[in-house]
Amino acid sequence: MDNLDTREWLLTNGLGSFASGTICDAHTRTYHGWLSAALDPPGQRTLLLSRIDASLELAGQLVELGVNFWKSGAVAPLGYRLLQGFEVDPVPTWTWSRSHWQLTRRLLMRQRIEATTW
């Protein structure tokens with residue numbers, strides 16, 4: 001897996017909330033997650049969304065794109081083997097592919113969320 005599990009990315013919204021992880025999409029640190037929200041900006045951060053494991057179903061076959069490191073030492077699923085590219089600028093972007101398909105995922109974080117009354 002080379003250094004896919006040691007190279008990390010960070011996305012912030014400028015208000016105290018952030019997302020972070022590794023290029024291979026495995027969580028190797030306690031604070032890795034897709035939404036650590038600052039409930040009382042800029043502090044009181046709470047992990048609200050750890051991750052969503054990506055998978056595809058193609059012609060009845062499940063293709064898992066995620067990666068997990070288990071306490072036993074096992075690594076499963078092995079989605080990093082299909083990872084063809086990762087870009088951090090302007091936002092974290094993963095590209096997985098095989099000869100007959102390609103999937104790109106981008107992670108975005110809004111700078112501000114406007115409150116609405118109903």
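**Exercise 1.** Where is the place of Cys 24, in terms of strands and loops?

*Solution.* Cys 24 sits in the loop between β2 (18-22) and β3 (33-40). Strands here are DSSP runs of E with at least two residues, numbered from the N terminus. The model is predicted: local features need pLDDT of at least 70, side-chain atom pairs count only at pLDDT 80 or more, and totals for chains, interfaces and linings use all residues. Residues are numbered from 1 along each chain as its sequence is written, and side-chain values use heavy atoms, with hydrogens and water left out.

**Exercise 2.** Decide whether Cys 24 is buried or exposed.

*Solution.* Take the cut-offs: buried means under 20% relative accessible area, exposed over 50%, and partly exposed in between, with a 1.4 Å probe and protein chains only. Cys 24 has a relative accessible area of 3%, so this residue is buried.

**Exercise 3.** Find how far Cys 24 and Arg 106 are apart in sequence and in space.

*Solution.* In sequence, the two residues are 82 residues apart. In space, C-alpha to C-alpha, Cys 24 and Arg 106 are 14 Å apart.

**Exercise 4.** Describe the open sheet that contains β10.

*Solution.* Begin with the order, which is β9-β10-β11, with antiparallel pairing in an open sheet of 3 strands. Two strands pair if DSSP finds at least two bridges between them. Next, the edges: β9 (83-87) and β11 (101-106) each pair on one side only. Then look at one pair: β10 (residues 93-98) and β11 are antiparallel over 6 bridges. Within this pair, Trp 96 has Leu 103 in β11 as its bridge partner.

Key
Helices (H or I, at least four residues) and strands (E, at least two) are DSSP runs, numbered from the N terminus.
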